[in-house]
2 protein chains.
Amino acid sequence: MNVDPDLSALRGALEALEVDGYLIDDDASDSDQRYVSGFSAPDPYQTLVTDDGVHLLVSGLEYGRANSEAGADTVSRRSEYEYQERVAEHGSYEGTIQTIAAFCEDHGVDSIAVPRTFPTGTADGLREQGLAVTVETDGVVEVIRATKTEWEVDQIRATQRANQAAMATAEELIATADVDEDGTLVHDGETLTSERVTEEIEITLLNHGCGLDETIVACGEDGADPHDRGSGPLSADELIVIDIFPRDKDTGYFGDMTRTFARGDPGEEARRRYDVTHDAFEAALETVEAGVTGSEVHGVACDVIEKAGYETLRSDPSTDTGFIHSTGHGVGLDIHEQPSVSPVGGELEAGHVISIEPGIYDPAVGGIRIEDLVVVTEDGYENLTEYRIGLEPVAE
Amino acid sequence: MNVDPDLSALRGALEALEVDGYLIDDDASDSDQRYVSGFSAPDPYQTLVTDDGVHLLVSGLEYGRANSEAGADTVSRRSEYEYQERVAEHGSYEGTIQTIAAFCEDHGVDSIAVPRTFPTGTADGLREQGLAVTVETDGVVEVIRATKTEWEVDQIRATQRANQAAMATAEELIATADVDEDGTLVHDGETLTSERVTEEIEITLLNHGCGLDETIVACGEDGADPHDRGSGPLSADELIVIDIFPRDKDTGYFGDMTRTFARGDPGEEARRRYDVTHDAFEAALETVEAGVTGSEVHGVACDVIEKAGYETLRSDPSTDTGFIHSTGHGVGLDIHEQPSVSPVGGELEAGHVISIEPGIYDPAVGGIRIEDLVVVTEDGYENLTEYRIGLEPVAE
């Protein structure tokens, strides 16, 4: 890990809260901890940020790796604080609490701020040990994480390259499929299903060192629900939404991209909606630059879509057709993170990495979404996605 | 989800703590919440257990799916508790807290127990709203989860079937590899590496609807560290440890299996250690039945290994060679869960699903581990693993 994060905003928050340190107690599935500690481990460990540095508390099993890999200033083993003896005498829960309290004391800390997600069991236990525990409710680490370092942008770009390879695999399957009598796509003599395309996407990502929890390959009515992953046979003359959000297994950084394809003719209305979505996408992108708000970018996408005659959540908060989600979100160690490109989105800053992904949905027509990933710059954006936009699938 | 969990022990704990309900505030990465709610969602939701049922609080986006899929007795949308209005007036953090407080009040709950991992931000916020919040420190839901229903055992068995297919793929690659002049394994003209075998394992698991975060394919000295995933070329005349722990993508249940192979001759000492490990494995397995403690099962594995002249953590707590981990652990919605088959392991009960996985490690010789997954029965165990045990790899 080479994030080398700038934690000055966190130290400012600690000063405002009048506490000695900031403590995280989680495993590496917590991206804030992974970011602050520069360390990733499957089992819980603790990260303490003080004025004089970042301090890790890990199990003996993780000690060697933490010392060589973590970006922290000091690494301590639980055994330095008599963990085994405390657990033997007081049980696992109380022994762990006492060990963390001793670790804090060793670093001169008797008041801490903690993230909202900090375990209540640890918080209440430390309070009983005499530490003052205050929740930092603004999510200051999430805000710091929103602005990427050059190294982080490189990692996200690398994941997006893998994503492009996966999207090309999917597009080629659809482009080269045969169409049988009832309109079903057929590949290598077998019905081409969402599941089959998803599997090929996953295999391509594996070959590029990436994994993913889920992918969307949604045809026809499935695609009209932005959260439907899709299932079953793919058909000609229907819209097919493909949304891939892989994560690099080593670095933990995500990519994110969506394209919409149709074999044959999805109809004039579908083609019109595709063009409107594409226009909204371009208009939103052109609005992106440091100083503009996420809300303004979202507003521009809504303008285009409403002007073309479709509903948005702005024109009708209760609509379930039209543009029924926000324009984008931050992407990094989490797939959804700060900043927001939505009605509540604040000012964009250089180094923010955001998706731009307007869409138009209707069960009667299907779904359309077009999404790139970009990094905000002082005078615009750099697109981290290099992938053709077009409704008709093309084989390489 | 069809767990249909027996929550009477949880209700007993609530009575002992003199509280009205048990609240979980997490996403489906928290296995306790997934288990209790019978629901899985990527975004946070809340599960409240009271005397009269299990109650979910979800976003509007998840409402339809929660209603059709979840095992809960009632499902509420945040909008029923004026979520948007509260967030607009008080911000996201405070608005969410108020919504959860209103949901609790609606169910007649003004005192709650929460798991140790419950977010401190929510706990302290609810306390400010007047709710009494107590941490349930014994992990009662983990204890309930340790005893599997028949349906759960079937899910674990299904994942273990996928695991067997993946292990067979790996074994076949090693069995059919050529050995080049310097002893490196070569397959299809390319050096056979840990990474290549891992990739084939992952692809096989994908084909079976399973995913995994990591796999161990560790050769020679790599294999002597039980936590080393392994990397680089595989060699003949060396021990190769393969440990696969996949998770079914739909059900969330894990499998777990380890085998150790060697092409050519790993030497007399390695073969002796393999036989001792196999004997320890068999002896530990034969000890398993309801009423026996995990500690006793672990002790039997230690007996065999110590008698053969190797160290264990029992004979020398500071050893870094010999048998340097515990004999097993529970497996279910988490890869490591209750019960423990270790020096602190309590009484095994019918329905516990545990791994049995003794091993012997030494950088000078390499590592050996043999692992099956079994379900404890009243008079023994049922093995959920059907996979040959042998040092020499065999192609099907």
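Predicted model: local features only at pLDDT ≥ 70, side-chain atom pairs only at ≥ 80, totals over all residues.
Residues are numbered from 1 along each chain as its sequence is written, chains are lettered from A and ligands numbered from 1 in the order in which they are written, and side-chain values use heavy atoms, with hydrogens and water left out.

Which residues of α3(B) are buried? I noted B:E62, B:Y63 and B:A66 within the helix, which runs over residues 60-69; helices here are DSSP runs of H or I with at least four residues, strands are runs of E with at least two, and both are numbered from the N terminus. Seen down the axis, these buried residues fall within an arc of 120°, so they line one face of α3(B), the arc being that of the directions from the helix axis to the C-beta atoms. I then found that they pack against β3 (53-58) and β4 (74-77) of chain B.

I turned next to where the chains meet. The contact (heavy atoms within 4.5 Å) takes 24 residues from chain A and 23 residues from chain B. Together the chains bury about 2,000 Å², 54% of it on carbon and sulfur atoms; this area is the accessible area, with a 1.4 Å probe, that two parts lose on being put together, summed over both. Of what chain A buries against chain B, A:Y93, A:T120 and A:L206 supply 25%, more than any other three residues.

How many salt bridges lie between chain A and chain B? I recorded four, each a side-chain nitrogen of Lys or Arg within 4 Å of a carboxyl oxygen of Asp or Glu. One salt bridge joins A:R127 to B:D124, with the closest N and O atoms 2.5 Å apart. On the side of chain A that touches chain B, α5 (120-128) and α8 (194-207) each supply at least two residues, and α5(A) gives the largest share, six residues.

Last, I looked at chain A overall, which has ten helices and 21 strands. Its C-alpha trace spans about 75 × 45 × 35 Å along its principal axes, and of its 396 residues 57% count as buried.

How values were computed
Buried < 20%, exposed > 50% of the residue type's maximum accessible area, 1.4 Å probe, protein only.
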